[in-house]
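Please read the following briefing alongside the sequence and the coordinates.

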Amino acid sequence: ARTSFRRQRERMTTKVPIKELEALVNKAVRNIGYTDGDAQVLTRVMMHAEVHGNNQGISKLYRPQDMGFNPKAGPLVFENETKLSVVVNGNQRAGMVALEAAVDKAISKASHMGMAITGTYNTYTSTGMLAYYANRIAERDYIAIVMAGSPEMVAPVGGKQAVFGTNPMCFAIPGPDSGPLVLDMATAATTLFGVISAKAAGKELPPGVAVDANGKATRDPSEALQGAFLAFGGYKGAGLSLVVELLTQALCNGAIPGGPVKAKVGTGRKWAGKSWANTVIVINPALLMDLKRYKARVAEIVDHVKASGPTVVLPGELEKKRRDENLAAGTLTIATGLYDNINKLAAGGPAKL
């Protein structure tokens, strides 16, 4: 039975050279309508996630409508700008493009001022794996905090409708020899593209992460997309989700939840408003102590945590391991249905939805 299952799974997946896949993804994104510059950003963010084994990768191309290309989108607008801060009005461009610009601004301002806070709003597509942006910051020896608001998908504890987004947050801290320590986590028990990836691969969801349209627990990805996801860790996860909501959607002028209509995944005031928000905070550790000393102290703590037990896994450690393995192999294994869709998009044809 195990041999039969393994063979069936092998038929459902395809091994693709990384460079070949990257070129296909870029061509597919351009064929959706994105400019060469925007397509480069989207490809870079999605491939970073894919190489690290994160579900915020190229699964976004399984349903091209989720890429949310808007032919009427305008140029990015920088609002309320000071030496320490700026809000990027995405003007309906891709969320990844707006957040990349916000990170660029934050890094530049922090290099002069020691710290910075930037935000984005007026986009309605995924910003992808937050660790991509946070790692960019931490590789420059700055501390990074990146948070992403998103539309109604998650029901609070005791709630009967979707209110929060999956509302991920990411911290990246320089110091360890293996590279910045990165904690990237959704405040939901699952993510939209995690559910979409499970649907594409024909897999069930883990128990306890979603409910159907009637509020009953489900492991069927299709039913979950008609209902709501759950916060991780009960009240604590829901509390963190609320905080991210207040520090992104509320603070950066994005759409906020509310109104008389009961929301589920795909419906609600934030979905209709098409204005999702993100917040980026950059801190130079040298504001508080010598940078080299701080990095050494971080490395010492991290090493001590790792040595405290044989099964201790640090935040981001598994992703780094997958990245190293994938880069060494030079290939990525992806769902065959997803690969077929990307090929169709790259060839200029419609994908199977």
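This is a predicted model: local features need pLDDT of at least 70, side-chain atom pairs count only at pLDDT 80 or more; totals for chains, interfaces and linings use all residues.

Residues are numbered from 1 along each chain as its sequence is written, and side-chain values use heavy atoms, with hydrogens and water left out.

**Salt bridges**

- The structure holds 11 salt bridges, each being a side-chain nitrogen of Lys or Arg within 4 Å of a carboxyl oxygen of Asp or Glu.
- One of them pairs Arg93 with Asp38, with the closest N and O atoms 2.9 Å apart; this pair joins the loop between β3 (85-89) and α4 (95-113) to helix α3 (residues 36-51), across 55 residues, where helices (H or I, at least four residues) and strands (E, at least two) are DSSP runs numbered from the N terminus.
- Asp38 is buried at 9% relative accessibility, on a scale where buried means under 20% relative accessible area, exposed over 50% and partly exposed in between (1.4 Å probe, protein chains only).
- Arg44, Glu100, Asp104 and Arg136 are linked in a network of salt bridges, which includes the contact of Arg44 with Glu100 at 2.9 Å between the closest N and O atoms and that of Arg136 with Asp104 at 2.7 Å, N to O.

**Cysteines**

- The whole structure has zero disulfides, a disulfide being a pair of cysteine sulfur atoms within 2.5 Å.
- The sulfur of Cys170 lies 16 Å from the closest cysteine sulfur, that of Cys252, and this is too far for a bond.
- Cys170 is buried, at 0% relative accessible area, and Cys252 is also buried, at 5%.

**Single residues**

- Thr127, in the loop between β4 (115-123) and α5 (130-138), is buried at 9% relative accessibility.
- Leaving aside residues up to four places away in sequence, Thr127 touches Val45, Gly95, Met96, Leu99, Tyr133, Ala148 and Asn278, where contact means heavy atoms within 4.5 Å.
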